Amino acid sequence: MNRVLYSASYCRRGAMADSLDVNGYWGPTTLSTTCEMHYVVSSYIAEFYNTISNVPFLLLGTLGLINSLRQSFEKRFSILNLATMVVGLGSMLFHGTLYHA
């Protein structure tokens, strides 16, 4: 099946996303308001590019946590880096499955 990627300006709430949606490994999605086509790159990842764009959150949060622990910074810096990692992981899980609890 030939699919064309489209820009965010063309996408409207549910207009294009619903008509080209397919069910992947995680089943039908609970959200159809995003402008990225679902399960195009992998049948295991609903929105591939939104999912991998969260990798820097995990990498930079990890590097920041390691740096703050090595240099004995105040505890708040470790908490900040952990929070950054949690946001990145949560966003990866959401965009990877498109389920919200």
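How many helices and strands does the protein have?

1. The protein has four helices and zero strands, where helices (H or I, at least four residues) and strands (E, at least two) are DSSP runs numbered from the N terminus. Along the sequence the pattern reads α-α-α-α.

2. This is a predicted model: local features need pLDDT of at least 70, side-chain atom pairs count only at pLDDT 80 or more, and totals for chains, interfaces and linings use all residues. Residues are numbered from 1 along each chain as its sequence is written, and side-chain values use heavy atoms, with hydrogens and water left out.

3. Of the 101 residues in the protein, 29% are buried; buried means under 20% relative accessible area, exposed over 50%, and partly exposed in between (1.4 Å probe, protein chains only). The protein exposes about 6,900 Å², and carbon and sulfur atoms supply 65% of that area. Accessible areas come from the Shrake-Rupley method with a 1.4 Å probe; for residues, only the protein chains shown count as cover.

4. Helix α4 covers residues 75-97, and its 23 residues should span 33 Å at 1.5 Å a residue; the expected span is 1.5 Å times one less than the number of residues. The end C-alpha atoms of α4 are 33 Å apart, which agrees. The buried residues of α4 are Ser 78, Asn 81, Gly 88, His 95, Gly 96 and Thr 97, and they pack against α2 and α3, with contact meaning heavy atoms within 4.5 Å. Just after α4, Leu 98 takes a positive phi of about 60°.

5. A nonpolar surface patch is formed by Val 40, Val 41, Tyr 49, Ile 52, Val 55 and Leu 59, with about 510 Å² of accessible area together. Patches are made of residues with over 30% relative accessible area and no salt bridge: like charges are joined within 9 Å, nonpolar side chains (Val, Leu, Ile, Met, Phe, Trp, Tyr) within 5 Å. Helices α2 (48-52) and α3 (55-70) each supply at least two residues of the patch. Val 41 sits in the loop between α1 (15-19) and α2 and is partly exposed, at 46% relative accessible area.

6. The structure holds one salt bridge, defined as a side-chain nitrogen of Lys or Arg within 4 Å of a carboxyl oxygen of Asp or Glu. The side chains of Arg 76 and Glu 74 form this bridge (2.8 Å, N to O). Arg 76 counts as exposed at 53% relative accessibility, whereas Glu 74 is partly exposed at 47%.
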